[in-house]
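Let's take a walk through a protein model together.

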Amino acid sequence: MAGQALIDIRGLFKAFGDNEVLRGIDLAVRNGETMVVLGPSGCGKSVLLKHIIGLMKPDGGSIVVEGREITRLARGELSNLRMRFGMVFQGAALFDSMTVGANVGLPLVEHHRTRGSELDRLVEEKLEMVGLSGTAHLWPSELSGGMKKRVALARAIALDPDVILYDEPTTGLDPVMAEQINELIRSTQKKLNATSVVVTHDLHSACFTGDRVALMDDGRIAFEGTTDELTTTENEAVRTFIARGRRRLPGEREADSSRDRFGLL
Amino acid sequence: MTSSSVTARRNHGGFGTGLFRTLGGNALELVTEVGAAGLLLWRSSLALRKFGRSVPLVVEQMRRIGVDSLPLVIITAVFTGAVTAVQAAYQLKEFVPKIYLGVAIYKSVTIELGPVLTALVVGGRVSASIAAELGTMRVTEQIDAMDAMAIDPVRYLVMPRIVAALIMLPIVTIFADVLAISGGFVVANLSLDVSVKTFVEGMKLYFFPHDVLGGLLKAFVFGGIIAVMGCTAGLRTFGGAVGVGRAATRAVVASCVLILISDYVLATLLFKVIFGEA
């Protein structure tokens, strides 16, 4: 599964005023893998993700995607690169003035000039992939939180991207819905064979969806390794993060051996 | 000196300093906003290269900016014309024959009142609406989502609004001019006993096409100001619901101030320099 580094981030630095959010991030995401960036809320995971797709400009460092430094790309070149990416935002970020179908179809209309019955067919196909067949006529305001995330995923995969970025995909969802989203991330990765980067503070989601995990701590990557290595490492930042996670969930869930491969919860 | 008088003097100084700080801050904010608007206008003009793909978006915005504003414009225009007739009759009754009532109403409406009042009422409605819409999209990451999909928000959201406003403001102003002159005529006819013939002959007496053209050129510029200031405030929104409210206020204030300033500049440029009317 693991191959060449598709995304190579070196010494990434970003500050907002006096607040240094990223303080020299080094991270390599290999072709075809699902890399999970784990860390507590507010540690800068979403900021890192927005840098990967060029929504933010770094103060220092480099982000190389397939050998091209994206911080130096012209607007047109960046657009071409973004067409190969799909991103699921934390709050879904659906266009609330459009129906579900129009949301999913927008990239197809804008980039492939798809129209009419072909557009309807493709939209329905993407909605079916996320288990929301027959919802194209609904408005975002009529959807639950989990459904919004799934529509956001359908929109993100509309152009069959090579890379899918997930920003806190399970945040704000109940445990059952969070589990469905985790399974959807895995199944989408298998169907599209896309490289995925998932940022989350949810340890269970990280272990379920990821091939490799990087832990962000104090603006840097404190640990990088496989999900197996995450459970066995003596890395202090990892142990502290896991211990905090355990304290947050005082026996409220039994470990489900069929899903929780690492007995972390 | 008693402690209360010291406190009073401090408060007085604090109020003065605070007032200047607020005024200075607002002025600086307006200048920053105008600078950002200039950049946005430039990026929108570059986006015109893909205008063909944006025609449906422009048509939709023309409906929202122009057609949906018509009820407000109709009320404003009719009563503006009526008040102009009453005021003109009152000011001129001792000195000027009634035949000049028509020309007074026509000139004041087409050159000044039609374009400026229409721009102010449409601007208040439209710039706040645009700023709130784009501001909400900004704070809910919808604009980031658009960017992430390689859809340029300037091409998709901003350019259609500016083009639609540039087209619709002159059209709405023509409606306003006709309605205001009609309103003025009704009042002149019913209350001041001015006949149709007298009113129309008065209008013909000093009719110059460049009066109408100048008014419509003003409306064209005002349309651009309304849309670009609304879009600028919307795209620069931060800070959730409070930020969206602030953006809408900033858009309306900036639009109105710039409409009034540019009205003076355009009046000087058009009627003194270009059309040679002092």
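Which pattern does chain B follow, read along the sequence? The pattern is α-α-α-α-α-α-α-α-α. In other words, chain B has nine helices and zero strands. Here helices (H or I, at least four residues) and strands (E, at least two) are DSSP runs, numbered from the N terminus.

Before going on, some housekeeping. This is a predicted model, where local features need pLDDT of at least 70 and side-chain atom pairs count only at pLDDT 80 or more, while totals for chains, interfaces and linings use all residues. Residues are numbered from 1 along each chain as its sequence is written, chains are lettered from A and ligands numbered from 1 in the order in which they are written, and side-chain values use heavy atoms, with hydrogens and water left out.

**Chain B and its helices**

The C-alpha trace of chain B spans about 75 × 60 × 35 Å along its principal axes. Chain B has 278 residues, and 43% of them count as buried (under 20% relative accessible area, with a 1.4 Å probe and protein chains only).

Now for two helix pairs. Helix H4 (residues 99-139) of chain B packs against helix H8 (residues 209-235) of chain B at an angle of about 15°, and their axes are 7 Å apart. That angle makes H4(B) roughly parallel to H8(B) (angles under 35 degrees count as roughly parallel, over 145 as roughly antiparallel, 65 to 115 as roughly perpendicular and the rest as oblique). The contact of H4(B) with H8(B) has 18 nonpolar, seven polar and five charged residues. In the second pair, H2(B) and H6(B) pack at an angle of about 55°, with axes 8 Å apart. This makes H2(B) oblique to H6(B). As for the axes, they are lines fitted to C-alpha atoms, for helices over the stretch in contact, and angles run from 0 to 180 degrees between N-to-C directions.

The structure holds seven cavities of 30 Å³ or more.

| Space | Volume | Lining by class |
|---|---|---|
| Largest pocket | about 690 Å³ | 15 nonpolar, four polar, nine charged |
| Largest cavity | about 120 Å³ | ten nonpolar, one polar, two charged |
| Second largest cavity | about 60 Å³ | seven nonpolar, four polar, no charged |

A volume is the space filled by probe spheres set on the points, which are joined across faces, edges and corners. For the classes, Ala, Val, Leu, Ile, Met, Phe, Trp, Tyr, Cys and Pro count as nonpolar, Asp, Glu, Lys and Arg as charged, and the others, Gly among them, as polar.

Who lines what? Of the 28 residues around the largest pocket, the closest to its centre are Met98(A), Ala102(A), Leu106(A), Leu57(B) and Tyr156(B). The largest cavity is lined by 13 residues, and the closest to its centre are Phe85(A), Gly86(A), Arg155(A), Ala156(A) and Met149(B). E6(A) gives the most to that lining, with three residues. In the second largest cavity, the largest share of the lining, five residues, comes from H4(B).

Note on methods. 1 Å grid on protein atoms, 1.4 Å probe; cavity = no way out; pocket = protein on both sides within 12 Å on 5 of 7 lines; lining within 4 Å. Buried < 20%, exposed > 50% of the residue type's maximum accessible area, 1.4 Å probe, protein only.
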